[in-house]
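Visitor: I'd like a close look at one part of this model, the helix packing. Take it slowly, and then show me what else is worth a glance.

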Amino acid sequence: MSEFQPEILIKDVHKAFGERKILRGVSVSAERGSTLAVMGGSGTGKSVLLKHMIGLMAPDSGEVWIQGKRIDQLRGSKLDKLRLRIGYLFQGGALFDSMTVEENLDFVLGRHTALTAPERTEQIHEAIAWVDLPHAAPQYPAELSGGQRKRIALARAVILRPDILLCDEPTTGLDPVSVRNVSNLIMRLKAERGITTVAITHDLLCAEIIADHAAFIFDGKILAKGTLQELRSSENPQSQEFFG
């Protein structure tokens, strides 16, 4: 593939579950160090699209390229190696309730690195300080607010210093202040680490803060692409209804 290939490239991807067609020829891309917001209502195929980008799902047809490799054709250790370059921020955070914040982050480092215990501890405390929660290490997820849990989940998603961050509804259920906090952290990742981010969201405030480019998906098809302002100005009726 060309050296100018985007960091993430989805080409004419189709996906169905039985008779139900979820993705109907989706094509999107994200350049290295950019942030793409994939927008649309519930049940439009956003989460399914994101799962293709990390190899949790394979397309029925089409291609999924990540860093110049077809992730939909990788298996075993090659797939595992590429996945370590990708951080995933789950919609609900997906923190382990029975573990403290420090234990949640240590679980990732202990499984995927050869760092010593003191080295892991140092890296964990750097990560939670970076999300402005330096005193949260001994706390359990239930002791944190929704916004704090999401920031810790973000710290865990990037603690291996990935090149790519995939965010599944990163600000759902958060108050406007927390939306700004999480969104600003995503922007810092781009500015400080050059991370390429794809965020699926229906949160306009989040999209306004983070998106370099956006795509609007409806009924498994991309109906509009461009800047957020271009999506707002789209004459597509479904897009007009979404953006109000």
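Guide: What follows starts with a helix and its two partners, then moves on to cysteines and a few single residues.

A word on the ground rules: this is a predicted model, where local features need pLDDT of at least 70 and side-chain atom pairs count only at pLDDT 80 or more, while totals for chains, interfaces and linings use all residues. Residues are numbered from 1 along each chain as its sequence is written, and side-chain values use heavy atoms, with hydrogens and water left out.

Let's begin with α3, which covers residues 101-112. Helices here are DSSP runs (H or I, at least four residues), strands are E runs of at least two, and both are numbered from the N terminus. Two packed helices are described by the angle between their axes and the distance between the axes. The axes are lines fitted to C-alpha atoms, for helices over the stretch in contact, with angles running from 0 to 180 degrees between N-to-C directions.

Take α5 (residues 146-158) as the opening partner: its axis and that of α3 come within 9 Å and cross at roughly 20°. The crossing of α3 past α5 is right-handed, a label used when the near helix is turned clockwise from the far one by less than a right angle, with anticlockwise being left-handed. On the α3 side, the contact (heavy atoms within 4.5 Å) uses Val-101, Asn-104, Leu-105 and Val-108, and α5 answers with Ile-152, Ala-155 and Arg-156. Sorted by class, that is five nonpolar residues, one polar and one charged. Nonpolar here takes in Ala, Val, Leu, Ile, Met, Phe, Trp, Tyr, Cys and Pro; Asp, Glu, Lys and Arg are charged; the others, Gly among them, are polar.

From α3 come Val-101, Glu-102, Leu-105, Asp-106, Leu-109 and Gly-110, and they meet Arg-120, Thr-121, Gln-123, Ile-124, His-125, Ala-127 and Ile-128 of α4. That contact divides into six nonpolar, four polar and three charged residues. Val-101 and Leu-105 take part in the α5 contact as well as in the α4 contact.

Elsewhere, α1 (residues 46-53) is largely enclosed by the rest of the structure, because six of its eight residues are buried. Buried means under 20% relative accessible area, exposed means over 50%, and partly exposed lies in between (1.4 Å probe, protein chains only). The buried ones are Lys-46, Val-48, Leu-49, Leu-50, His-52 and Met-53. Just after α1, Gly-55 has a positive phi of about 80°.

On to the cysteines: there are zero disulfides, a disulfide being a pair of cysteine sulfur atoms within 2.5 Å. Cys-167 is in none, and the nearest cysteine sulfur, on Cys-206, is 7.7 Å away. Cys-167 is buried at 0% relative accessible area, and Cys-206 is also buried at 0%. Cys-206 sits in α7 (residues 204-210). Leaving out residues up to four places away in sequence, Cys-206 touches Pro-170, Thr-171, Val-179, Ser-183 and Thr-201.

Asp-12, in strand β1 (residues 8-17), has a positive phi near 50° although it is not a glycine. Asp-219 has a positive phi too, near 55°, and lies in the loop between β9 (213-218) and β10 (221-226). Asp-12 is partly exposed at 42% relative accessibility, and Asp-219 is partly exposed at 42% as well.

Last stop, Ser-234, in the loop between α8 (228-232) and α9 (237-243). It counts as buried at 15% relative accessibility. Its contacts, not counting residues up to four places away in sequence, are Ala-224, Ser-239 and Gln-240. The C-alpha atoms of Ser-234 and Ala-224 are separated by 7.1 Å, with the two residues 10 apart along the chain.
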